[in-house]
Amino acid sequence: MEQSGGPAGSGTTPNGTGPVDRPEPASASASEPAPGNRGTGTAEPAAAARIAEIRVRIDEIDRALIELWQERAALSREVGATRMASGGTRLVLSREQEILERFRAALGADGTQLALLLLRAGRGPL
Ligand SMILES: C=C(O[C@@H]1C=C(C(=O)O)C=C[C@H]1O)C(=O)O
């Protein structure tokens, strides 16, 4: 995958002053981290240990997000089916606007994009 922050493999940010942002070495070399630190992106043991610890929580959060995402989509589909079976509309745009605004207020422009994906997950593309 393309790395951001400078030309591939340059090892510096665009102005050359920022932190090093180079991809992991593809194969064993002098600069490769010790085996216990592999995959953390640093050869410094204390930093590698902290990164591994934080990643445990990140993985928990990701699992919860995926589960909540799927639950929300199923509930949204159920609302749509219930409404249509009762002669109602498939969508309620005023409610979708409220949700978009909720996410925008909390997270800014990325929140709007996230809410659009959430809404789409529950009803498919328009
Ligand atoms: C779930 C509903 O139906 C649709 C889906 C929505 C959603 O995923 O949040 C919101 C509005 C509706 O277009 C609802 O009306 O609450």
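Figure 1. Residues are numbered from 1 along each chain as its sequence is written. The model being predicted, local features need pLDDT of at least 70 and side-chain atom pairs count only at pLDDT 80 or more, while totals for chains, interfaces and linings use all residues; side-chain values use heavy atoms, with hydrogens and water left out.

**Figure 2. Residues surrounding the ligand.** Arg72, Ser76, Val79, Arg83, Leu91, Val92, Arg95, Glu96, Ile99 and Leu119 surround the ligand, each with a heavy atom within 4 Å of it. By class, the shell holds 5 nonpolar, 1 polar and 4 charged residues; Asp, Glu, Lys and Arg count as charged, Ala, Val, Leu, Ile, Met, Phe, Trp, Tyr, Cys and Pro as nonpolar, and the others, Gly among them, as polar.

Figure 3. A polar contact is a pair of N or O atoms within 3.5 Å. An oxygen atom of the ligand lies 2.5 Å from an N or O atom in the side chain of glutamate 96. For arginine 72, the distance from a side-chain N or O atom to a ligand oxygen atom is 2.8 Å, and for arginine 83 it is 2.8 Å. The ligand taken alone exposes 360 Å², of which the protein buries 89% (Shrake-Rupley method, 1.4 Å probe).

**Figure 4. The largest pocket.** The ligand sits in the largest pocket, with more than half of its atoms within 2 Å of the grid points. A pocket is an open set of points on a 1 Å grid where a 1.4 Å probe fits, with protein on both sides within 12 Å along at least five of seven lines; lining residues have an atom within 4 Å of a point. Of the 21 lining residues, Arg72, Ser76, Val79, Arg83 and Leu119 lie nearest the centre. α1 gives the most to this lining, with 9 residues.

Terms used:
Polar contact = N/O pair within 3.5 Å; in protein donor to acceptor, adjacent residues only side chain to side chain. Helix = DSSP H or I, 4+ residues; strand = E, 2+ residues; numbered from the N terminus.
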